[in-house]
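Subject: Structure for your review

Dear colleague,

Please find below the structure that I am handing over to you. My notes on what was found in it follow directly after.

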Amino acid sequence: MPQGPGETVSFKLDRDSEEKIRAILQQVYRALEEKGYNPINQLVGYMISGDPAYITSHNDARHLICKIERDEVLEVLLKNYLQQ
């Protein structure tokens, strides 16, 4: 539904989506680590640019990261960071 000027848009993931995102991030992190990359730097590059070239194709990591939306990844990361 369109929002009027000044209205806040609500965004919420369901629990299953959150678990899927967490599992994919863990797999991608391991693949980057196995290939000798700094996983945090590579993931930040991907999150900022949207360019999947930051993610290795090793263990299908690039394909996996493209299955999830970056805004959803940010929601999971922020939620987990702020809850600790």
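The largest pocket of this predicted model is lined by 13 residues. Those nearest its centre are Leu 25, Ile 40, Leu 43, Val 73 and Leu 77. The volume of this pocket is about 360 Å³. Three helices, namely α1, α2 (39-49) and α4, each supply at least two residues of the lining. The largest share comes from α4, which provides five residues. By class, the lining of the largest pocket consists of 10 nonpolar, two polar and one charged residues.

Two of these helices also deserve attention as a pair. In general, two packed helices are described by the angle between their axes and the distance between the axes. For helix α1 (residues 15-34) and α4, the axes come within 10 Å and cross at roughly 90 degrees. An angle of 65 to 115 degrees counts as roughly perpendicular, and α1 and α4 are therefore roughly perpendicular to each other.

Which residues of α1 and α4 meet? On the side of α1 they are Glu 18, Ile 21, Arg 22 and Leu 25. On the side of α4 they are Glu 72, Val 73, Val 76, Leu 77, Lys 79 and Asn 80. By class, this contact of α1 with α4 has five nonpolar, one polar and four charged residues. Leu 25, Val 73 and Leu 77 take part in the contact, and these residues are also among those that lie nearest the centre of the largest pocket.

The backbone of one loop should be noted as well. Most residues other than glycine have a negative phi. In the loop between α2 and α3, however, Asn 59 is found with a positive phi of about 55 degrees, although it is not a glycine. Asp 60 lies in the loop between α2 and α3 too, and its phi is also positive, near 65 degrees.

Finally, a word on confidence. The mean pLDDT of the chain is 90, and 88% of its residues reach 70 or more. Confidence is highest in helix α3 (residues 61-65), at a mean of 98, and lowest in helix α4 (residues 70-82), at 92. Where pLDDT is low, the predicted coordinates should not be read in detail.

With kind regards

Key: Residues numbered from 1 in each chain as written. Predicted model: local features only at pLDDT ≥ 70, side-chain atom pairs only at ≥ 80, totals over all residues. Heavy atoms only, no water. pLDDT = per-residue confidence, 0-100. Helix = DSSP H or I, 4+ residues; strand = E, 2+ residues; numbered from the N terminus. Axes fitted to C-alpha atoms, helices over the stretch in contact; angles between N-to-C directions. Parallel < 35°, antiparallel > 145°, perpendicular 65-115°, else oblique. Contact = heavy atoms within 4.5 Å. Nonpolar A, V, L, I, M, F, W, Y, C, P; charged D, E, K, R; others polar. 1 Å grid on protein atoms, 1.4 Å probe; cavity = no way out; pocket = protein on both sides within 12 Å on 5 of 7 lines; lining within 4 Å. Points joined across faces, edges and corners; volume = space filled by probe spheres on them.
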